[in-house]
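Reader: I would like to learn how to read a structure like this one. Could you walk me through it, feature by feature?

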Amino acid sequence: MAEPAKNTPRVRAERLEARVTADQKSLIEHAAALQGRSVTDFVLSSLQEAARRAIEEHQRFDLSVRDSQAFVEALINPQPVNDRLRDTVRRYRQAAGA
């Protein structure tokens with residue numbers, strides 16, 4: 001994900017809007033004040049961090065120890081190619097035009 005250069009001013013030309021309850025607004029304002037930040041800065045940084053975490057979690061592939069061992073074993077000692085796999089590859093190549 002590209003980030004703006006440090007010397008390039010950030011232009012905030014896009015807008016996000018959200019409807020919140022009075023309790024949610026109060027909570028957000030309180031948290032922003034505790035950190036000495038504006039509500040906008042607090043919300044933007046919180047949303048940006050949540051978005052990064054969501055993307056990272058989506059891209060990361062977690063395996064249990066047993067699954068990790070099975071995966072490595074399959075890489076080290078792959079099963080021989082059988083007729084079913086050959087047929088599947090043939091059908092995929094026909095469908096994909098490869």
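Reader: Which residue takes a positive phi just after H1?

Author: Gly36 does, with a phi of about 70°. This is a predicted model, in which local features need pLDDT of at least 70 and side-chain atom pairs count only at pLDDT 80 or more, while totals for chains, interfaces and linings use all residues. Residues are numbered from 1 along each chain as its sequence is written, and side-chain values use heavy atoms, with hydrogens and water left out.

Reader: How many helices and strands are in the chain?

Author: Helices (H or I, at least four residues) and strands (E, at least two) are DSSP runs, numbered from the N terminus. Here there are four helices and zero strands, so the order from the N terminus reads α-α-α-α.

Reader: How do I check the length of a helix?

Author: The expected span is 1.5 Å times one less than the number of residues. Helix H4, residues 83-96, has 14 residues and reaches 20 Å, close to the 20 Å expected.

Reader: What is found at the start of H4, and what comes just after H4?

Author: A polar contact is a pair of N or O atoms within 3.5 Å; within protein, one must be able to donate a hydrogen and the other to accept it, and residues adjacent in sequence count only if both atoms are side-chain atoms. At the start of H4, a side-chain oxygen of Asn82 comes within 3.2 Å of the backbone nitrogen of Arg84. Just after H4, Gly97 has a positive phi of about 70°.

Reader: Is Phe42 buried or exposed?

Author: Buried means under 20% relative accessible area, exposed over 50%, and partly exposed in between (1.4 Å probe, protein chains only). Phe42, in helix H2 (residues 39-59), is buried because its relative accessible area is 14%. Arg19, in the segment before H1, counts as exposed because its relative accessibility is 84%. Of the 98 residues of the chain, 2% count as buried.

Reader: What radius of gyration does the chain have?

Author: The radius of gyration is taken over C-alpha atoms, and the globule rule is 2.2 Å times the number of residues to the power 0.38. A compact globule of 98 residues would have a value near 13 Å, but this chain has 25 Å. The C-alpha atoms fill a box of roughly 65 × 35 × 35 Å along the principal axes.
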